[in-house]
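Reader: Hi! Could you walk me through this structure?

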Amino acid sequence: PNAVTREYCHAQLDGHHVFEPKTFVTTVFVNMVAGPIDMNNGMFDLRQGHTTRVDESQPVPSTLVSEAARTLIAFSGVTILPDIPEYYRKYPALLNFLSAQKMPWKESRTLAGEIGEYIVMMRETEDAYLVGAATNESGRTIDLPLSFLEKGKYTVEVIEDGDDAHYLTNRESLKVTTRQLTNNDKLALKLAPGGGACLVIKKTPSMRVGEQAAFPLVSPSWKIGRE
(Lines give C-alpha, C1' and ligand atoms only; values in the text may rest on other atoms or scores of the structure.)
Protein backbone atom coordinates (compact mmCIF):
# COMPACT_ATOMS: atom_id res chain seq x y z
CA PRO A 1 0.00 0.00 0.00
CA ASN A 2 2.83 2.44 0.67
CA ALA A 3 3.62 2.45 -3.05
CA VAL A 4 0.48 4.53 -3.65
CA THR A 5 -0.23 6.13 -0.28
CA ARG A 6 1.95 7.49 2.50
CA GLU A 7 1.67 8.18 6.20
CA TYR A 8 3.17 11.63 6.68
CA CYS A 9 1.27 11.96 9.96
CA HIS A 10 -0.30 9.99 12.79
CA ALA A 11 -3.31 8.01 11.64
CA GLN A 12 -6.59 7.94 13.54
CA LEU A 13 -6.18 4.27 14.33
CA ASP A 14 -3.10 4.86 16.46
CA GLY A 15 -2.97 8.56 17.23
CA HIS A 16 -6.22 9.91 18.64
CA HIS A 17 -4.22 11.98 21.10
CA VAL A 18 -2.91 14.16 18.26
CA PHE A 19 -5.99 13.97 16.08
CA GLU A 20 -8.06 16.80 17.49
CA PRO A 21 -10.17 18.76 14.96
CA LYS A 22 -7.64 21.62 14.82
CA THR A 23 -4.89 19.09 14.04
CA PHE A 24 -6.77 17.78 11.01
CA VAL A 25 -7.44 21.22 9.52
CA THR A 26 -3.75 22.01 9.94
CA THR A 27 -2.36 18.72 8.63
CA VAL A 28 -4.28 18.79 5.34
CA PHE A 29 -2.75 22.17 4.48
CA VAL A 30 0.78 21.29 5.57
CA ASN A 31 1.42 17.57 5.09
CA MET A 32 -0.31 17.25 1.72
CA VAL A 33 2.27 19.63 0.27
CA ALA A 34 4.55 16.56 0.25
CA GLY A 35 2.01 14.40 -1.55
CA PRO A 36 -0.73 11.87 -0.67
CA ILE A 37 -1.33 11.05 2.99
CA ASP A 38 -2.99 8.13 4.73
CA MET A 39 -4.88 9.14 7.89
CA ASN A 40 -7.43 6.30 8.17
CA ASN A 41 -10.28 8.79 8.26
CA GLY A 42 -13.85 7.55 8.21
CA MET A 43 -14.38 6.09 11.68
CA PHE A 44 -18.13 5.67 12.29
CA ASP A 45 -17.90 4.00 15.70
CA LEU A 46 -16.96 7.24 17.42
CA ARG A 47 -17.67 6.12 20.99
CA GLN A 48 -14.97 3.47 21.05
CA GLY A 49 -12.65 3.78 23.99
CA HIS A 50 -11.53 1.69 26.94
CA THR A 51 -13.92 -1.13 25.99
CA THR A 52 -12.37 -1.64 22.56
CA ARG A 53 -8.87 -0.15 22.70
CA VAL A 54 -5.85 -0.51 24.91
CA ASP A 55 -3.47 1.80 23.04
CA GLU A 56 -5.71 4.91 22.92
CA SER A 57 -8.64 4.69 25.31
CA GLN A 58 -10.77 7.67 24.35
CA PRO A 59 -13.66 8.29 21.94
CA VAL A 60 -12.88 9.62 18.46
CA PRO A 61 -12.78 13.47 18.64
CA SER A 62 -14.97 14.10 15.61
CA THR A 63 -18.55 13.89 14.30
CA LEU A 64 -19.95 11.35 11.85
CA VAL A 65 -20.31 13.97 9.13
CA SER A 66 -16.79 15.28 9.68
CA GLU A 67 -15.39 11.74 9.51
CA ALA A 68 -17.03 11.19 6.13
CA ALA A 69 -15.92 14.60 4.85
CA ARG A 70 -12.32 13.90 5.88
CA THR A 71 -12.17 10.87 3.54
CA LEU A 72 -12.65 13.29 0.63
CA ILE A 73 -10.51 16.13 1.92
CA ALA A 74 -7.39 14.05 2.59
CA PHE A 75 -6.00 12.78 -0.71
CA SER A 76 -4.68 9.25 -0.77
CA GLY A 77 -3.96 6.86 -3.61
CA VAL A 78 -6.07 4.32 -1.73
CA THR A 79 -8.85 5.51 0.57
CA ILE A 80 -8.90 3.33 3.67
CA LEU A 81 -12.24 2.89 5.46
CA PRO A 82 -11.22 1.65 8.92
CA ASP A 83 -14.56 0.64 10.44
CA ILE A 84 -16.78 -2.43 10.00
CA PRO A 85 -19.55 -2.56 7.34
CA GLU A 86 -22.38 -2.56 9.88
CA TYR A 87 -21.56 0.97 11.01
CA TYR A 88 -21.57 2.36 7.47
CA ARG A 89 -24.91 0.71 6.64
CA LYS A 90 -26.50 2.53 9.58
CA TYR A 91 -26.05 5.87 7.77
CA PRO A 92 -27.12 5.44 4.12
CA ALA A 93 -26.62 9.09 3.13
CA LEU A 94 -23.02 9.07 4.33
CA LEU A 95 -22.43 5.66 2.76
CA ASN A 96 -23.68 7.11 -0.54
CA PHE A 97 -21.18 9.96 -0.18
CA LEU A 98 -18.35 7.48 0.40
CA SER A 99 -19.47 5.32 -2.54
CA ALA A 100 -19.55 8.35 -4.85
CA GLN A 101 -15.79 8.89 -4.43
CA LYS A 102 -14.72 7.39 -7.75
CA MET A 103 -11.12 8.17 -8.60
CA PRO A 104 -9.31 9.32 -10.63
CA TRP A 105 -10.58 12.82 -9.94
CA LYS A 106 -11.28 15.01 -12.96
CA GLU A 107 -10.50 18.08 -10.85
CA SER A 108 -9.65 18.86 -7.25
CA ARG A 109 -10.01 22.33 -5.81
CA THR A 110 -9.79 23.88 -2.34
CA LEU A 111 -12.81 26.17 -2.29
CA ALA A 112 -12.17 27.88 1.03
CA GLY A 113 -10.16 27.48 4.19
CA GLU A 114 -7.69 28.78 6.71
CA ILE A 115 -4.86 26.78 8.28
CA GLY A 116 -5.90 25.48 11.67
CA GLU A 117 -9.47 26.77 11.28
CA TYR A 118 -11.44 25.02 8.51
CA ILE A 119 -11.28 23.69 4.97
CA VAL A 120 -13.72 23.12 2.10
CA MET A 121 -12.56 20.74 -0.64
CA MET A 122 -14.22 19.92 -3.99
CA ARG A 123 -13.40 16.87 -6.07
CA GLU A 124 -15.05 16.17 -9.42
CA THR A 125 -15.80 12.64 -10.67
CA GLU A 126 -17.16 11.54 -14.04
CA ASP A 127 -20.76 11.99 -12.89
CA ALA A 128 -20.75 14.21 -9.79
CA TYR A 129 -19.16 17.03 -7.85
CA LEU A 130 -18.31 16.08 -4.26
CA VAL A 131 -17.62 18.61 -1.53
CA GLY A 132 -16.28 17.95 1.96
CA ALA A 133 -15.93 20.56 4.71
CA ALA A 134 -14.38 20.26 8.17
CA THR A 135 -13.79 22.70 11.01
CA ASN A 136 -11.73 22.89 14.18
CA GLU A 137 -13.23 22.96 17.68
CA SER A 138 -15.26 26.06 16.77
CA GLY A 139 -18.63 25.71 15.09
CA ARG A 140 -19.18 27.97 12.10
CA THR A 141 -21.42 28.71 9.12
CA ILE A 142 -19.72 28.76 5.72
CA ASP A 143 -21.34 30.59 2.80
CA LEU A 144 -20.30 28.47 -0.17
CA PRO A 145 -20.71 29.91 -3.70
CA LEU A 146 -21.44 27.25 -6.31
CA SER A 147 -19.61 29.13 -9.06
CA PHE A 148 -17.30 26.13 -9.60
CA LEU A 149 -20.21 24.32 -11.31
CA GLU A 150 -20.91 24.53 -15.01
CA LYS A 151 -24.14 26.15 -16.18
CA GLY A 152 -27.30 24.15 -15.67
CA LYS A 153 -29.51 22.84 -12.90
CA TYR A 154 -28.16 20.52 -10.23
CA THR A 155 -29.64 18.30 -7.55
CA VAL A 156 -27.62 18.75 -4.36
CA GLU A 157 -27.74 16.39 -1.38
CA VAL A 158 -26.42 18.18 1.69
CA ILE A 159 -25.39 16.18 4.76
CA GLU A 160 -24.72 18.37 7.78
CA ASP A 161 -24.21 18.00 11.50
CA GLY A 162 -27.43 18.06 13.50
CA ASP A 163 -28.39 21.26 15.28
CA ASP A 164 -27.29 19.71 18.59
CA ALA A 165 -24.15 17.99 17.29
CA HIS A 166 -20.78 18.36 19.04
CA TYR A 167 -17.56 16.42 18.60
CA LEU A 168 -17.34 15.66 22.33
CA THR A 169 -20.95 15.15 23.44
CA ASN A 170 -23.19 14.35 20.44
CA ARG A 171 -21.15 12.92 17.60
CA GLU A 172 -23.85 10.96 15.74
CA SER A 173 -26.40 13.73 15.12
CA LEU A 174 -26.88 14.65 11.45
CA LYS A 175 -29.45 15.95 8.98
CA VAL A 176 -29.88 15.53 5.22
CA THR A 177 -31.61 17.83 2.75
CA THR A 178 -31.95 17.74 -1.03
CA ARG A 179 -32.50 20.78 -3.19
CA GLN A 180 -32.19 22.05 -6.76
CA LEU A 181 -29.62 24.78 -7.42
CA THR A 182 -27.53 26.43 -10.13
CA ASN A 183 -24.01 27.84 -10.21
CA ASN A 184 -25.43 31.27 -9.35
CA ASP A 185 -26.57 30.10 -5.93
CA LYS A 186 -24.86 29.90 -2.54
CA LEU A 187 -25.17 27.29 0.18
CA ALA A 188 -24.94 28.10 3.88
CA LEU A 189 -23.19 25.12 5.48
CA LYS A 190 -23.55 24.89 9.26
CA LEU A 191 -20.69 22.99 10.88
CA ALA A 192 -20.90 21.92 14.51
CA PRO A 193 -17.83 22.22 16.78
CA GLY A 194 -15.41 19.62 15.43
CA GLY A 195 -17.91 18.85 12.67
CA GLY A 196 -18.26 18.98 8.93
CA ALA A 197 -20.48 18.83 5.86
CA CYS A 198 -20.73 16.53 2.82
CA LEU A 199 -22.27 17.40 -0.55
CA VAL A 200 -23.13 15.21 -3.53
CA ILE A 201 -23.95 17.40 -6.54
CA LYS A 202 -25.32 15.90 -9.74
CA LYS A 203 -26.66 17.55 -12.86
CA THR A 204 -30.46 17.39 -13.02
CA PRO A 205 -31.51 15.40 -16.10
CA SER A 206 -33.52 17.45 -18.59
CA MET A 207 -37.08 16.20 -19.11
CA ARG A 208 -39.27 16.19 -22.18
CA VAL A 209 -42.78 17.60 -22.07
CA GLY A 210 -45.08 15.17 -20.28
CA GLU A 211 -42.30 13.28 -18.49
CA GLN A 212 -42.13 13.02 -14.71
CA ALA A 213 -38.99 13.08 -12.63
CA ALA A 214 -37.83 9.69 -11.42
CA PHE A 215 -36.90 11.26 -8.09
CA PRO A 216 -38.11 14.31 -6.17
CA LEU A 217 -36.13 17.44 -6.95
CA VAL A 218 -36.68 18.69 -3.41
CA SER A 219 -37.15 16.35 -0.48
CA PRO A 220 -37.92 17.09 3.15
CA SER A 221 -35.06 17.07 5.59
CA TRP A 222 -34.52 14.18 7.99
CA LYS A 223 -32.11 13.67 10.80
CA ILE A 224 -30.51 10.99 12.88
CA GLY A 225 -29.92 11.66 16.53
CA ARG A 226 -28.07 9.90 19.28
CA GLU A 227 -29.06 6.29 19.79
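What follows is a friendly chat about the chain, its strands, its rings and its cores.

Reader: Before we start, what sort of model is this?
Author: This is a predicted model, where local features need pLDDT of at least 70 and side-chain atom pairs count only at pLDDT 80 or more, while totals for chains, interfaces and linings use all residues. Residues are numbered from 1 along each chain as its sequence is written, and side-chain values use heavy atoms, with hydrogens and water left out.

Reader: Thanks! How many helices and strands does the protein chain have?
Author: The protein chain has four helices and nine strands. Helices (H or I, at least four residues) and strands (E, at least two) are DSSP runs, numbered from the N terminus. Along the sequence the pattern reads α-α-α-α-β-β-β-β-β-β-β-β-β.

Reader: And how much of the chain is buried?
Author: Of its 227 residues, 51% count as buried. Buried means under 20% relative accessible area, with exposed over 50% and partly exposed in between (1.4 Å probe, protein chains only).

Reader: Let's pick a strand. Is β2 mostly covered or open?
Author: β2, residues 118-124, is mostly covered, with seven of its seven residues buried. On one side sit Tyr118, Val120, Met122 and Glu124, and on the other Ile119, Met121 and Arg123, so both faces are covered.

Reader: Why two sides?
Author: In a regular strand the side chains alternate between the two faces of the sheet.

Reader: Which way does β1 run against β2?
Author: β1 (residues 107-114) and β2 run antiparallel, joined by seven bridges. Two strands pair if DSSP finds at least two bridges between them. Arginine 109 stands opposite methionine 122 in β2. The hairpin of β1 and β2 has three residues between the strands, and glycine 116 there takes a positive phi near 80°.

Reader: What about β2 and β3?
Author: β3 covers residues 129-135, and β2 pairs with it in the antiparallel sense over seven bridges. Methionine 121 faces glycine 132 of β3. Four residues lie between the two strands of this hairpin.

Reader: New topic! How many aromatic pairs are there?
Author: The structure holds four aromatic pairs. One of them is tilted, because the rings of phenylalanine 44 and tyrosine 88 have their planes at 50°, with centres 4.7 Å apart. Rings of Phe, Tyr and Trp (its six-membered ring) pair if their centres lie within 6.5 Å; planes under 30 degrees apart count as stacked, over 60 as edge-to-face and the rest as tilted.

Reader: Where do phenylalanine 44 and tyrosine 88 sit in the chain?
Author: The pair links distant parts of the chain, 44 residues apart: phenylalanine 44 is in the loop between α1 (21-30) and α2 (64-73), and tyrosine 88 is in helix α3 (residues 85-89). Both phenylalanine 44 and tyrosine 88 are buried. Together with Tyr91, Phe44 and Tyr88 form one aromatic cluster.

Reader: Last one: which residues of the largest nonpolar core touch the most other members?
Author: Those are Leu94, Phe97 and Ile159, in a core of 36 residues. A nonpolar core is a set of buried Ala, Val, Leu, Ile, Met, Phe, Trp, Tyr and Cys residues joined through side-chain atoms within 4.5 Å. The largest share of this core, six residues, comes from α2. Apart from it lies another core, of 21 residues, with Val120 and Leu181 among them.
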